[in-house]
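Please have the structure open as you read.

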Amino acid sequence: MAIVGRALTKRFGDFAALDDVSIEVPAGSLTALLGPSGSGKSTLLRVIAGLERPDRGTVELDGVDVTRRAAQKRGVGFVFQHYAAFKHMTVRDNVAFGLKVRRRPRAEIRARVDELLELVQIAGWADHYPAQLSGGQRQRMALARALAVEPKVLLLDEPFGALDARVRKDLRAWLRRLHDEMHVTTIFVTHDQEEAMEIADQIVLMNHGRIEQVGGPRELYEEPATEFVMSFVGPVNRLGESFVRPHDLELRAEANGETTPGRIERIVHLGFEVRVELRLEDGRECWAQVTRDEAEQLELAPGGTVFVRARRTKVFQTT
Amino acid sequence: MSRWLLRLAGLSYLLVILAAPVGLVFWKTFEHGFGPAWDAVTTPAAKHALYVTVLIAAIAVPANTIFGIVCAIAIVRRRFPGKGLVNALVDLPLALSPVVVGLAFLLLYGRNGWFGWLGDHGVQVVFALPGMVLVTIFVSLPFVVREVVPVLREIGTEQEQAAATLGASPFQTFRRVTLPAIRWAVAYGVVLTTARALGEFGAVSVISGHVVGKTETMTLHVEERFQSFDYVGAYAASVVLAMLAIATLAAMTLLKPKEETR
C-alpha cells in the first residue's frame, strides 16, 4: 500500500519538527528515513502512524486521506525503539494482543501466533515474559506482534537503535529478507547511514524538519544534491569550494601537472583500509583513504611528502 | 559493632513507638479473659458502630479508587487548563486537619449553609450518614492518586501507543495494558484509603453528632466507651479496628503474587 504525505508541518512549541514535508513511498518498498537526531524523521513516522497529529498537511494510505483517523483504525504495524513490550504478558500474549482485541477465534489466534513466533525464531520462548528475553529477541517479538494483525504498512522507529552492534547487523539482514518475503510496505527510521544503505530501496534524507534528498542508496552517495547529503552519507573532505570523498583522492609518489604536494601528518591502519592525514601546500588539511597495498607501494611514512590529485569532486551551488 | 547498635536502636524505636501501645491494647482487652471482651463488642451499640464503619468504607473506598485512577490518568496523560491546581488540590486533605474538614462540611451542609436547603427536602446530610460518608471520602481522597501518579509516569506512553497501533480502543488499552501495569499501585492506594477510612475520627466526630446506635462509627464508639469509663469496651473495640486494618494489609499481601514482591 502506497503512503503519501503532503505538505506536513508539525511544531512542538517553537521547534519545527516537520516543516512542509511531502513524501511518497511506493507500495511494497522498503524505505529508510535517515537523518541526524532532531531532523524530524521520527515525527514523520509517528504522523504516518497516527500517533502524532500534524498541524498542517495530509497523510494518505492507498489513496485514502487518513489524516483525521486514529492510530487504532489505520491498520499500520508500529515497532518502537525500546520495544514497548507489554511487560505483564507472556511473549505469546504480546503477539496475540492485536488478534485478541479483534476478537478472533481462539484456535485461529493460537495458530497465527505459533506461526509468527516460528518466523521470528522465538518459538521456544512463548511462555516467558519479555523481561526474560534479550534485546534482540524482544525486538523480534515486537515485530511479530506488529505483523500479527497483517498490517498494510509496517513502520519501525529506530528498531535496532537499542541493540549492540553484532545483533544489529544480524537483524538488519534478517529484516531485509523478511521484507523480500512479505512485500509489506515498510518505512524504518535510522540515524545510521550504513544501516539505511544496507537495507533500503529508497532513502529519504532529512535535516531540520525538511527533506534534503530522496533516492536510492547509490544515488545519494554518488549524486548528493546538497553539501549536507554528501557529508551525511559518507566521509568527505572540503577543499575550498569543492568536496571530495577520501577514496577519490589519488596519492602519487611523483608530481604530474595536476597534483598538489602534501605532507603526511599521520597514518592510521584499519586493516585493509589505510587513512592518510595530509596537510597540503596551502595549509589545508584533508585525509585520503587508500588500500594497504597502495600504502606499501608508495612507501608512505609520517613526515614524508606525497602528491595529491582529486579524481572526482563535487561543487554545490550556494544559495 | 556499630551495625548491631544501629539495629538495636531501630528495633527499640519501633518497639516503643509501634509495638508497645498496640500490644498494650491487646493485653488490656483480654486481661480478664476472652468473655468480657467478646461481650463488649457484641453489644447492639458496638455492632452498629462496626456496621456504620464498614458501610462508610464500602462507599468511600470504591469512590476514591475510581476517582483516584481517573484523576491520576488526567494528571499524567492529559493536558488541560487548571491541571496544576487539580494536582495541588488533591493533596489538600493531607494538609488539612480533619476537624477543620468536619467543620467545613458542617458549615456547608448545615441549616444555614449553601446546601442547607437539602435538609428542607428531606435529605439529611449533617448529623447523618451522608455527611459522614462525604467527610470520609474527603480525608481519604489523595492516597490512590498519589500511589498511581508516579507509576503511570514511570511506565510511559509507549505501551499504550503500541496497543493503539494494534487496534485497541482507548478502553481496551486501559483495561488490557494500563490497568495491569498500575494494579499494585492501585492496590496499595486502596489499602491506605481503607485504613484511613476505617480510622477516621476528627471529621466524622464533628459531622456525626454522636448519636449512639445511629451515627456512631467504631472510632467514635471507642471514645464514647472510654468517656464512660468502660475501658474493656473501649479496648475491645480498638482491637476490632486494629484487626480490620491488619486484615486489609494481609489481603493485599496474599493477593500479590510472589514474583512481583521485588
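Strand β7 (residues 153-157) of chain A pairs with β8(A) in the parallel sense over five bridges. Strands count as paired if DSSP finds at least two bridges between them, and helices (H or I, at least four residues) and strands (E, at least two) are DSSP runs, numbered from the N terminus. This is a predicted model, in which local features need pLDDT of at least 70 and side-chain atom pairs count only at pLDDT 80 or more, while totals for chains, interfaces and linings use all residues. Residues are numbered from 1 along each chain as its sequence is written, and chains are lettered from A and ligands numbered from 1 in the order in which they are written.

**Around β8 of chain A**
- Within the pairing of β7(A) and β8(A), A:L155 has A:I187 as its bridge partner.
- β7(A), helix α5 (residues 165-182) of chain A and β8(A) together form a right-handed β-α-β unit. Right-handed means that, with the strands pointing away from the viewer, the path from the first strand over the helix to the second runs clockwise.
- Strand β8 (residues 185-190) of chain A is largely enclosed by the rest of the structure, because six of its six residues are buried. Buried means that 20 or more other C-beta atoms, placed from the backbone, lie within 10 Å of the residue's own.
- A:T185, A:I187 and A:V189 point one way from β8(A), A:T186, A:F188 and A:T190 point the other way, and all are buried.

**The five-strand sheet**
- In chain A, the order β13-β17-β14-β15-β16 describes an open sheet of five strands with antiparallel pairing.
- Its edge strands, β13 (249-252) and β16 (285-291) of chain A, each pair on one side only.
- From one strand to the next, the twist averages 45°.
- Strand β15 (residues 273-280) of chain A runs antiparallel to β16(A), and seven bridges join them; A:V274 has A:V290 as its bridge partner in β16(A).

**The three-strand sheet**
- Another open sheet, also in chain A, has the order β11-β12-β18 and antiparallel pairing.
- β11 (237-239) and β18 (314-315) of chain A are the edge strands, each pairing on one side only.
- Two bridges link strand β12 (residues 242-244) of chain A with β18(A), and A:S242 stands opposite A:V315.

**Confidence**
- The model scores ipTM 0.85 and pTM 0.83.

Key. A residue is buried if 20 or more other C-beta atoms lie within 10 Å of its own, exposed if 12 or fewer, and partly exposed in between; C-beta atoms are placed from the backbone. Axes are lines fitted to C-alpha atoms, for helices over the stretch in contact, and angles run from 0 to 180 degrees between N-to-C directions.
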